Amino acid sequence: MAIKVRIPTPLRTLTAGKSEVETSGTTIIEVINHLEKNYPGIKERICEQNDQVRRFVNVYLNDEDIRFCDNIKSAVKDGDTISIIPAIAGGAGEKKKFYLNYPQEAIKEPLIYLAGKNYNVITNIRSASISNDIGIIALEIEGGPEEIEKAVKFFESNGVTVEPIVLDVVE
Amino acid sequence: MEFSSEQIKRYARHIILPEVGGEGQERLLSSKVLLIGAGGLGAPCGYYLGAAGIGTLGIVDFDTVDLSNLQRQIWHGTNDVGRYKVDSAKDSIERINPDVRVVTYKEKICSENIKELISGYDVVIDATDNFPTRYLINDACHFIKKPLVYGSIFRFDGQATVFLPEGDGPCYRCLFPSPPPPGLVPSCQEAGVLGVLPGVIGAIQANEAIKIILGVGRTLNGRLLIYDALDMKFTEMKLRKDKTCPLCGENPSVLDLIDYEQFCEARQ
C-alpha cells in the first residue's frame with residue numbers, strides 16, 4: 001500500500017489531470033520531495049524555499065492539519081492520505097484586467113503585440129479561447145492609467161469589444 | 001407571533017419537522033441574515049433563505065448583472081442584464097416569498113462601513129469572490145461577534161465552514177494565515193467556474209445559516225468541508241483554532257480592522 005496524495009484542481013495541470021496520485025516517504029516533506037520528482041514544479045506551489053508549507057496552502061495528513069502535528073516532519077505511513085488545500089476566494093481579480101471579444105475578422109491580427117509595441121503597457125494573456133470564428137481573451141494590461149486607456153481604445157478601434165474585469169465582491 | 005393561514009400552509013413542511021416546528025419557523029421569521037455578495041454563491045443561498053422565511057435578508061453588492069454571470073448566478077435573468085444585482089435579487093426573493101423583508105446595499109463593503117452593516121444582523125454569510133473582502137468580513141465578525149458562514153469556490157473545487165464567535169472555534173485566519181500573493185491565483189472570471197459548483201456550496205451555506213438560527217444539528221464549525229465536483233467527492237478536514245492566530249490567538253496583533261487591499265497586495 002502506498003501513500004495517496006489528493007491534488008486540488010489548480011495543481012492538476014502538473015499531475016496530468018490526476019486528482020489523486022501515489023507517492024512514498026516517511027514524513028510529509030519526503031512525500032512532497034517524492035511528488036516533485038514525479039511531477040516537477042509542484043513543490044514550489046506548496047512550499048516556500050525553506051521547505052515550509054506556504055501560508056495560503058494547508059496540507060492535511062488524513063483529516064488533521066500538519067501545522068497541529070509535526071508540520072513537515074509529521075510521520076507518514078502506508079495507507080495515509082495527504083490532501084493539499086489551497087486558499088480559494090472564488091475571485092481575487094486585479095484591477096487592470098479585461099475581457100477582449102474578437103470579431104472574426106480581427107482574430108488573425110496581432111493586436112496584443114501591437115498594443116505592447118505602440119503603447120507603454122505590458123500585456124499578459126491569462127486565459128484564452130480562440131477558434132476560427134470566436135476569440136475571447138482575458139488580458140492583463142499593466143501600465144499607467146493613460147497608457148492602458150490608449151491600449152483599450154486601440155483594441156476597440158479594431159473592432160474588439162473590451163470589458164473590464166472588475167474587482168467586485170461577487171462570486 | 002401569530003401565523004396567518006397562508007403562512008401555516010407555506011411553511012407546513014418545515015413546521016411538521018420536530019427540529020423546526022412552529023417555534024423554529026417563528027425564529028426564522030424573526031431572524032436577520034446578511035448576505036455579502038449577490039453572485040454565484042449568493043444566488044442559491046439567498047433563494048433558499050428567502051424560501052425558508054428568513055425575516056430580514058440584507059444583501060450587499062455594488063455590481064451590475066452581466067450576461068456572463070447568468071451561467072451560475074441563477075436569481076438574475078436575461079432581462080436583468082445591466083441592473084444592480086441587489087435589485088434583481090430582491091425581485092427574485094419577493095416573487096417567491098413576500099414574508100421576507102429584503103434590504104439592499106449597493107455599496108462596496110469596506111473597513112469603514114462593515115461594522116455598522118453587520119451589527120444589526122444575527123448571521124453573516126460570506127458569498128464574496130476575493131481575498132481582501134474575505135479577511136475583512138472575518139475580522140469584522142470576530143470583533144462584532146457574529147457567526148460567519150464561509151463558502152468559496154474555484155473551478156471545480158468548493159470549500160465551506162462556519163466560524164462561530166463563541167467557544168474555541170477557529171477563524172478564517174486560523175485556516176489561512178495569509179492570502180496568496182496577487183496574480184498567483186486566477187479569478188473565476190478568467191479561470192472559469194463550473195456553474196453548478198456555487199449552487200452546491202451556496203446551498204450548504206444556506207443550510208448552515210438556518211441551523212445556526214434554529215440551534216439544531218451540528219454545524220461545520222471546526223470542520224472544513226471540501227467538495228471536488230470533478231471526482232464527486234466530499235471530504236472533511238479538522239479545523240483548529242491556531243494559538244498563534246494574529247486575530248483570535250493568545251497574543252493577537254490585529255486589534256482593529258486594517259487596510260485589506262494593502263494586506264493582500266503587500267504579501268511577498
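Two strands count as paired if DSSP finds at least two bridges between them. Helices (H or I, at least four residues) and strands (E, at least two) are DSSP runs, numbered from the N terminus. Welcome to a predicted model, in which local features need pLDDT of at least 70, side-chain atom pairs count only at pLDDT 80 or more, and totals for chains, interfaces and linings use all residues. Residues are numbered from 1 along each chain as its sequence is written, while chains are lettered from A and ligands numbered from 1 in the order in which they are written.

**View 1. An open sheet in chain A.** Five strands of chain A follow the order 2-1-5-3-4, with mixed pairing. Strand 2 (20-23) and strand 4 (64-65) of chain A each have a single partner strand, so one side of each lacks a neighbour in the sheet.

**View 2. Strands 3 and 5 of chain A.** Strand 3 (residues 57-61) and strand 5 (residues 81-86) of chain A are antiparallel partners joined over five bridges. Look for A:Val57, which sits opposite A:Pro86 of strand 5.

**View 3. The buried face of helix 3 in chain B.** Helix 3 (residues 21-29) of chain B has B:Gly24, B:Gln25 and B:Leu28 as its buried residues (20 or more other C-beta atoms within 10 Å of a residue's own, with C-beta atoms placed from the backbone). Down the axis of helix 3 of chain B, these buried residues fall within an arc of 100° (taken from the directions from the helix axis to the C-beta atoms), so they line one face of the helix. Their cover includes helix 2 (12-15), helix 4 and helix 10 (196-214) of chain B.

Technical notes:
A residue is buried if 20 or more other C-beta atoms lie within 10 Å of its own, exposed if 12 or fewer, and partly exposed in between; C-beta atoms are placed from the backbone. Two residues are in contact if their C-beta atoms, placed from the backbone, lie within 7 Å.
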